[in-house]
Amino acid sequence: GKQPRRHVLISGAFGVGKHVAAELIGRLFGLLNNQLVAQVRVGSKVRLAAWQDPKNRGALLSKNDVGIVTEEMPHGSPEPLKVKGPSGRVGNYRADELVAEQDLLNTITELKDLLDPKTGKLRVADRSCF
């Protein structure tokens with residue numbers, strides 16, 4: 001069946017975080033509708049798709065290690081995803097070498113925790129809720 005559409009009006013002065021609030025409300029509706037799918041993006045928790053890293057990059061040694069995608073390199077890079085492993089080491093990977101972990105709810109202390117300090121953009125995994 002077709003899902004009902006929900007509309008939420010958010011008002012407020014310039015700079016109070018309406019865009020961030022709208023993103024979070026949309027993600028909450030997604031969580032409530034069970035539409036969340038883990039994707040490999042900046043901020044998502046990932047594992048190796050293979051049992052071991054054939055290139056031995058050091059960030060993720062085996063399928064048991066969970067890392068976080070910290071940065072996405074420019075389009076056309078051979079290994080565009082920078083991953084920080086549990087040991088703190090960093091390695092670059094292709095998206096097909098990684099599997100995203102389901103991480104539906106993340107805890108934050110304030111809204112500015114969601115913003116990337118360099119770019120000022122939202123630093124969240126796609127379709128995750130906070």
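R57 is buried, with 19% relative accessible area, just inside the cut-off of under 20%. The model shown in these views is predicted. A search of the whole structure finds eight salt bridges. Several of them are described below.

**View A. D53 pairs with R57 in a salt bridge.** The closest N and O atoms of the two residues are 2.9 Å apart. D53 has a relative accessibility of 9% and counts as buried. R57 is also buried, at 19%.

**View B. A salt bridge joins the side chains of E79 and K55.** The N to O distance is 2.8 Å. E79 sits in the loop between β2 (67-72) and β3 (81-84), and K55 in the loop between β1 and β2, so the pair ties together parts 24 residues apart in sequence. K55 is partly exposed, at 46% relative accessibility.

**View C. Salt bridges link seven residues into a network: D53, K55, R57, E79, R94, D96 and E97.** The D53 and R57 pair of View A belongs to this network.

**View D. E101 meets R47 in a salt bridge between side chains.** N and O lie 2.8 Å apart. R47 belongs to strand β1 (residues 45-48), while E101 falls in the segment after β5 (98-100), so this contact ties together parts that are 54 residues apart in sequence. E101 is partly exposed, with a relative accessible area of 27%. R47 is partly exposed too, at 25%.

Note on methods:
Residues are numbered from 1 along each chain as its sequence is written. This is a predicted model: local features need pLDDT of at least 70, side-chain atom pairs count only at pLDDT 80 or more; totals for chains, interfaces and linings use all residues. Side-chain values use heavy atoms; hydrogens and water are left out. A salt bridge is a side-chain nitrogen of Lys or Arg within 4 Å of a carboxyl oxygen of Asp or Glu. Helices (H or I, at least four residues) and strands (E, at least two) are DSSP runs, numbered from the N terminus. Buried means under 20% relative accessible area, exposed over 50%, partly exposed in between (1.4 Å probe, protein chains only).
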